[in-house]
Amino acid sequence: FSQNDYKLWLQYDSIEDSELKQSYLDAFKAINVMGNSPSLDVSHKEISKAYHSFFNEELKTAESGDGLLILANIDQLPANMRSDVKSDIENINSEGYIIMSLEQNGNKVILITAKTDIGVLYGSFRLIKEMQLHNDLSNLAIIDSPKIQKRVLNHWDNLDRTVERGYAGFSIWDWHLLPELIKPEYTDYARANASIGINGTVLTNVNANSLILTEQYIEKVKALAEVFRPYGIQVYLTARFSAPLESGDVDTADPLNAEVRQWWKDKADEIYAEIPDFGGFLVKANSEGQPGPNNYDRTHVDGANMLAEAVAPHNGIVMWRAFVYSEDDPEDRAKQAYSEFVPFDGRFKENVLVQVKNGPIDFQPREPFHPVFGAMPNTPLMMEFQITQEYLGFASHLVFLPKLFEETLEEDTYVNGENSTVAKVIDGSLSNKKLTGMAGVANIGTAKNWTGHPFGQSSWYGFGRLAWDPYMSSEEIAEEWLKMTFTNEEAFIYPVTDLMIKSREAVVKYMTPLGLHHIMDTGHHYGPGPWVSNLSRPEWNPVYYHKADEEGIGFDRTQSGSDALSQYANPIAEKYSSPETTPEKYLLWFHHLPWDYEMDNGETLWHNLATTYQEGVEDVEEMVDTWNNMEEYVDKERFEKVAMLLQIQLKESKWWRDACLSYFQQFSGMEIPESVPQPE
Ligand code: GCU
């Protein structure tokens, strides 16, 4: 197989345009790395690798001269150069960087500097990217800093190497052979993540195994941490709440028990003795059968604060998940996280982040933003996105997720008046939060291209970009990813960017149009299953979510229904209380409406449902056509793989349309419009 798929967005294609190449070689002839550290070493190595690949020339080192690239932490910089960037350096944070074209004794040089060596590494990747994007290097003035602190991948990887909701093979962590065997993939994983600014990785599944906290495994985790450290990536682990009990050292896991608290402190000390920059713990407690403080009649605050206290002396953090829903309160699952967490606002220790999924149900093709965002102004809230496509066609469907992430980040919570966006909750600016974070459930596995679908790489890439800057446009992300991954040819970039941007709405239309949700087949969540109604817990059944009957379809979340809408601030709560003023994309999320309800276009709800399913299919047809015209720009292997996968997507979009329309038609009793093929 070719290596292209493996290399992700770090292809470093040779620069063929001779004018461009010459301009780069004029601006950049040699390198001078000032100072010494593992991060500076990997920066130097990466730039040399890229240089060789772009120009087919070795990058020389030099002390001075025209066209010199200088890499230095600000502390290592000679005084005259330091004064050139004096005011800019005040404007970056500890991970930010500056790239400047400067005059030095009559020579033109490029300086990459930062407050830390990791900042220099990020700046190095940025300079490489400028060349990947074919941007001009002759007059550089780039100043950039991440807007969010903890930019973290969540691997739902089990110790037996299966991956929960993973569709790209097995876990890349080869626990059995660690710590001795260090695979080159670990370094390439770190390079890829550092290139987009990801600075943390939770190695293990949220449905946690306490074995990971034993001495034997800590040694393995340490080996990975050592590979990642020069790249600025901290490792984190999931903590199973009952670990003290399971260890046999104590006979309870009650968070208010002194021995239990001591157990966690000792455990933290033990981990930090091996991994001094260990990031901390991610915890799923009292959710879907996982143990937690409620088992001892204690609260989320009791549980989170106990762990926070254990890692605080080492600057560790706790990411406590708000993804909870219990069997006892089956009225509306969408309400539960808010009900359980909002009353605790302001009571978590300062090194706790409450990690909230983007929407109130579970990573659907479309959900309104989670009502907890904005509702806990005194608690740092961390965004949790899912990069793996659990409910969006696994690794067989092409869906560019940054478009979905962007939609959530841009939504206005209105909690402090207009323009109180979710992005502002997450970057801390809305209520002055010190600790900020964004998590993405990884789509990475042992597949030779890491993500299964070649375009799955773009969602990983885009997650990293949005964690760095939650205000970026998904279009810009798609464009840069395409250029770095495939080619700079405009005849490729424009149509394929368009394809990627539209891919998200396409999946919404052919799976869950007009606010429908959670109607996938149960368990695996692949393909349609709106008819399933036999599972023991009501909220596991698709019928619970669409509520289709002779009267109509949709989930009434207004006052006449579950009243989940009241968890949102005004004007949302008010506006969405009437179907006429609810955005059509959320219509059936908030309302149960008659089949003949008249929509904005004058047609019935049933008519629109049917035609939207059909539009979804037509969108995929368009994706197929667009891609088929791109053959000359893409290597054979990736071209064919995407083309074949798109055929699966096309077939399955029709499956979704036909299955859902046949099923819902039993209730509507209405004709399928002529413009929509009749299901067989
Ligand atoms: C979903 C998913 C589970 C996962 C859970 C979680 O429900 O299907 O596999 O464990 O989310 O986020 O904890």
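Which domains does the domain assignment of the protein give? I found domain 1 (18-144) and domain 2 (150-485), with bounds from an automatic or database domain assignment. The model is predicted, and local features need pLDDT of at least 70, side-chain atom pairs count only at pLDDT 80 or more, and totals for chains, interfaces and linings use all residues. Residues are numbered from 1 along each chain as its sequence is written, and side-chain values use heavy atoms, with hydrogens and water left out.

**Domains.** I noted 33 Å between the centres of domain 1 and domain 2, taken over C-alpha atoms. Contact (heavy atoms within 4.5 Å) joins 15 residues of domain 1 to 17 residues of domain 2.

**Ligand.** I listed 13 residues around the ligand, of which Glu164, Lys284, Arg321, Lys357 and Glu390 come nearest; a residue is near if one of its heavy atoms lies within 4 Å. By class, this shell has eight charged, three nonpolar and two polar residues. Here Asp, Glu, Lys and Arg count as charged, Ala, Val, Leu, Ile, Met, Phe, Trp, Tyr, Cys and Pro as nonpolar, and the others, Gly among them, as polar.

I then looked up polar contacts (pairs of N or O atoms within 3.5 Å). Oxygen atoms of the ligand lie 2.6 Å from a side-chain N or O atom of Lys284, 2.7 Å from one of Lys357 and 2.5 Å from a polar side-chain atom of Glu390. The protein covers 96% of the 320 Å² of accessible area that the ligand has on its own (Shrake-Rupley method, 1.4 Å probe).

**Pocket and cavities.** On a 1 Å grid over the protein atoms alone, a cavity is a set of points where a 1.4 Å probe fits but cannot get out, and a pocket is an open set with protein on both sides within 12 Å along at least five of seven lines; lining residues have an atom within 4 Å of a point. Volume is the space filled by probe spheres set on the points.

I recorded about 410 Å³ for the largest pocket. Its lining has 22 residues, with Gly316, Ile317, Glu350, Asn351 and Leu435 closest to its centre. The largest cavity has about 130 Å³.

Methods: A polar contact is a pair of N or O atoms within 3.5 Å; within protein, one must be able to donate a hydrogen and the other to accept it, and residues adjacent in sequence count only if both atoms are side-chain atoms.
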